[in-house]
Amino acid sequence: MLVNIIGFIVGILALIGAGVFSYMQLGVSAILQPVEQQKPTVAVVQKTSTSTNVTKAPTKPTTKVVTPVKQEAAQAAPVQVPTPTNGSLVPSTPTTAQKVAEPGPLRIAVTAVPTPPTATQLSVHGVIEYTNGARSLNGGLPALIENQTLNRDAQIKVDDMFAKQYFEHESPTGVGPGDIAKAVGYDFVLVGENLALGDFENDEKLVKAWMDSPGHRANILNAHYQEIGVAVGKGMYEGRLTWLAVQSFGMPLSACPAIDVQKKAQIDMNNMQVTAMSAILEEKKAKINATPTSDPNYNTYVNEFNVLVAPYNMLVVDTRTMVVEYNATVLAFNSCIAVAGAAAH
């Protein structure tokens, strides 16, 4: 009986010990078991206009996606236009043709009783005086002014005819009135020459003989002549002593409107600059045409081009104005030459 009671007590104690051990094991396991980290709970708080002291829950940081703004291409700079010349910078050319009026030489007929050459007295002053008298009586033409250069021209002709024994406007060597005028330095638009050979009684008779010959008369009464030179001389011609007389008429170059040679020189210089600048502009324009407008250098090329266009255009306009002014004087000069030339025929 006693044994049974003791066994019962031992069994109860064994159960109690086992329970205590189990409990301790569970406690240790719970302590050693890693605690799983819970995610924070996000509290969604509805915002109201009257809410105060609301504590916002931490929010998850977000990455803002920035969309690149498409940059528009720079607007292409306008290309300026150079002023076209269209041949407007070409100056006119003055007429250089010089006219010579040379009627057939006047030779007095030898009569049966010729006037002795010693009785003939011709003079430069007398021939000019009677020549101007004839002009005054025929239309009131202005008197011709004696010109010493033309006097020398006429004397050269007299001496040459005696020396080479000819009586023509052109010498055997091909020298004519215009050639002599140039040789003595007479700048002319129109020159004329009257020749006479023979024993004329005096200056009046000599001029009257010329006036009776249509060609010589036309020279004396030519309204375009302004100056005269005369030479008379006595010498041996074809084996006899006789007289030669020469009238050299002249319309000096100064009788026509003057041409501004300095302006012409400036026009030539400007045209050289226009040509040089035009070449540079063409080169820069070619570079612009070969460059897309989207190219970052395009506007730079255009600006470099445009900077040159303004002075180029100004130079073209200024030169064109000078050419117009110069051409007007050339036109007046050429018209003067043309009128004088018509009178020589």
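Okay, starting with Glu 304: this residue is partly exposed, with a relative accessible area of 36%. Keep in mind that we're looking at a predicted model. Glu 304 makes a salt bridge with Lys 284, and the closest N and O atoms sit 3.8 Å apart. Now, Glu 304 is in helix α8 and Lys 284 is in helix α7, so this pair ties together parts that are 20 residues apart in sequence. Lys 284 also counts as partly exposed, at 25% relative accessibility.

How many salt bridges does a search of the whole structure find? Six. Let me go through two others.

Take Asp 160 and Lys 164, whose side chains meet at 2.5 Å, N to O. Both belong to helix α3, residues 148–164, and because they're four residues apart there, about one helical turn separates them. Buried or exposed, what about Asp 160? Buried, with a relative accessible area of 19%; the cut-off for buried is under 20%, so Asp 160 falls on the buried side. Lys 164, on the other hand, is partly exposed at 39%.

Then there's Lys 208 with Asp 212, where the closest N and O atoms are 3.1 Å apart. Lys 208 comes out partly exposed, with a relative accessible area of 48%. Asp 212 has 55% and is exposed; exposed means over 50%, which is why these two partners get separate labels.

On to the disulfide. The structure holds one, and that's Cys 256 with Cys 336, with the sulfur atoms 1.9 Å apart. For those of you who care about torsions, the angle about the S-S bond is -75°, making the link left-handed.

Last, the whole chain. We've got eight helices and six strands, running α-β-β-α-β-α-α-β-α-α-β-β-α-α from the N terminus. Of the 345 residues, 33% count as buried. The accessible surface comes to about 21,900 Å², and carbon and sulfur atoms own 60% of that. And if you look at contacts with a separation of 6 or more, 81% come from residues 24 or more positions apart.

Technical notes
Residues are numbered from 1 along each chain as its sequence is written. This is a predicted model: local features need pLDDT of at least 70, side-chain atom pairs count only at pLDDT 80 or more; totals for chains, interfaces and linings use all residues. Side-chain values use heavy atoms; hydrogens and water are left out. Helices (H or I, at least four residues) and strands (E, at least two) are DSSP runs, numbered from the N terminus. Buried means under 20% relative accessible area, exposed over 50%, partly exposed in between (1.4 Å probe, protein chains only). Contact means heavy atoms within 4.5 Å. Accessible areas come from the Shrake-Rupley method with a 1.4 Å probe; for residues, only the protein chains shown count as cover. A disulfide is a pair of cysteine sulfur atoms within 2.5 Å. A salt bridge is a side-chain nitrogen of Lys or Arg within 4 Å of a carboxyl oxygen of Asp or Glu.
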